[in-house]
Amino acid sequence: MFAQRKSCFLDNHGLIYLAFSGELLTTKEARRRQLTYDKRVSGSKRTSALLVVREHLPSGNACLRINIDATRIGNVARFINHSCDGGNLSTVLVRSSGALLPRVCFFASRDILKDEELAFSYGDAGVNPNGSKCFCGSSCCSGIMPSEHT
């Protein structure tokens, strides 16, 4: 996904007008789908859009896990690519009054130029050395897409 006009994507606070949306899954279903997606994309450039978000307490303990699958149902945020260097977007959990779950939103981590690719880090690489190949092209590219045992 590429920025078309700065004003189209950013307000004066740096908020990207996109929230990651898709199917909310149980952890059991997320694990089942991830196994299916791993088999399907092995050796190809196709990837899934299954996002696992963990919110942590200040102590470091996880207190909330959200599994969002935008592979089949989602918005344009599923086309934002990964970059091993962190990209130009940061992900932030945003809570709205009365909402049960937070939304995963994107903020600009720096100025974004017209026609620049939008990207964020999908997580730490290296958990699955046989994972999908990374094509981000950054100078610190690990060569493997971040993945974990969901």
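C136 comes out partly exposed in this predicted model, with a relative accessible area of 23%; on this scale buried means under 20%, exposed means over 50%, and partly exposed is what lies in between (1.4 Å probe, protein chains only). The cysteine C141 falls in the partly exposed class too, at 29% relative accessibility. As for bonds, the structure holds 0 disulfides, a disulfide being a pair of cysteine sulfur atoms within 2.5 Å. C136 is in no disulfide, and the nearest cysteine sulfur, that of C134, sits 3.7 Å away. For C141 the closest cysteine sulfur is in C134, and at 3.7 Å that is too far for a bond.

A word on how to read these values. The model is predicted, with local features needing pLDDT of at least 70 and side-chain atom pairs counting only at pLDDT 80 or more, while totals for chains, interfaces and linings use all residues. Residues are numbered from 1 along each chain as its sequence is written, and side-chain values use heavy atoms, with hydrogens and water left out.

On the overall layout, the protein has 2 helices and 8 strands, taken as DSSP runs numbered from the N terminus (helices are H or I with at least four residues, strands E with at least two). Along the sequence these elements run α-β-β-α-β-β-β-β-β-β. Of the 150 residues, 30% count as buried.

Three of the strands make an open sheet in the order 2-4-3, with antiparallel pairing; strands pair if DSSP finds at least two bridges between them. Strand 2 (22-25) and strand 3 (50-56) are the edge strands, and each has a single partner strand, so one side of each is left without a neighbour in the sheet. Neighbouring strands here are turned by 30° against each other on average, direction ignored; the axes behind that angle are lines fitted to C-alpha atoms (for helices over the stretch in contact), and angles run from 0 to 180 degrees between N-to-C directions. Strand 2 and strand 4 (residues 62-74) pair over 4 bridges in the antiparallel sense, and L25 has N67 in strand 4 as its bridge partner.

Then there is R33, which turns up in several salt bridges. The count for the structure comes to 6 salt bridges, where a salt bridge is a side-chain nitrogen of Lys or Arg within 4 Å of a carboxyl oxygen of Asp or Glu. R33 meets E23 at 2.9 Å, N to O. R33 lies in helix 2 (residues 27-41) and E23 in strand 2, so the pair ties together parts that are 10 residues apart in sequence. R33 is buried, at 8% relative accessible area, whereas E23 is partly exposed at 22%. R33 also meets E29 in a salt bridge (2.8 Å, N to O); both lie in helix 2, 4 residues apart, or about one turn of the helix. E29 counts as partly exposed, with 22% relative accessibility.

The side chains of D69 and R33 form a salt bridge as well, at 2.9 Å, N to O. With D69 in strand 4 and R33 in helix 2, this pair ties together parts that are 36 residues apart in sequence. Both D69 and R33 are buried. Put together, E23, E29, R32, R33 and D69 are linked in a network of salt bridges.
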